Amino acid sequence: MIAPVLAEIAAERQGRLRIVTLDVDHNPRTTAAHAVLSTPTLILFRDGAPVTSLTGARPKHRLLAELADGLGE
């Protein structure tokens, strides 16, 4: 549900933002380390450190608004 929105954002910010996915079932330690309790959980990292975490799907405009500070906009 959120994958097409993330793909569109990644295409628009090519070279400035990389979007990766993680299979939570196959990576329980990483999931636990970042306190992921439900999916989708989006975590924005800058220089290897988490900056913002959001849980749940959102429309593109709302997602960008909530990530604006973390994206430096």
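**Fold and pocket of the chain**

In this predicted model, contacts in the chain between residues at least 6 apart in sequence include 41% that join residues at least 24 apart. The secondary structure consists of three helices and two strands, and from the N terminus on the elements follow the order α-α-β-β-α.

The overall dimensions come next. The C-alpha trace of the chain spans about 30 × 30 × 20 Å along its principal axes. A compact globule with 73 residues would have a radius of gyration near 11 Å, and the 12 Å of the chain therefore agrees with that expectation. Of the 73 residues, 23% are buried, where buried means under 20% relative accessible area. The chain exposes about 5400 Å², of which carbon and sulfur atoms supply 54%.

Attention may now turn to the space left between the atoms. The largest pocket has a volume of about 1100 Å³. It is lined by 31 residues, and those closest to its centre are Ile19, Val20, Leu42, Ile43 and Leu44.

Which elements each supply at least two residues of this lining? They are the helices α1 (3–12), α2 (28–33) and α3 (60–71), together with the strand β1 (41–46). The largest contribution to the lining is that of β1, with six residues. By residue class, the lining of the largest pocket comprises 18 nonpolar, eight polar and five charged residues.

Notes:
Residues are numbered from 1 along each chain as its sequence is written. This is a predicted model: local features need pLDDT of at least 70, side-chain atom pairs count only at pLDDT 80 or more; totals for chains, interfaces and linings use all residues. Side-chain values use heavy atoms; hydrogens and water are left out. On a 1 Å grid over the protein atoms alone, a cavity is a set of points where a 1.4 Å probe fits but cannot get out, and a pocket is an open set with protein on both sides within 12 Å along at least five of seven lines; lining residues have an atom within 4 Å of a point. Grid points are joined across faces, edges and corners, and a volume is the space filled by probe spheres set on the points. Helices (H or I, at least four residues) and strands (E, at least two) are DSSP runs, numbered from the N terminus. Ala, Val, Leu, Ile, Met, Phe, Trp, Tyr, Cys and Pro count as nonpolar, Asp, Glu, Lys and Arg as charged, and the others, Gly among them, as polar. The radius of gyration is taken over C-alpha atoms; the globule rule is 2.2 Å times the number of residues to the power 0.38. Buried means under 20% relative accessible area, exposed over 50%, partly exposed in between (1.4 Å probe, protein chains only). Contact means heavy atoms within 4.5 Å. Accessible areas come from the Shrake-Rupley method with a 1.4 Å probe; for residues, only the protein chains shown count as cover.
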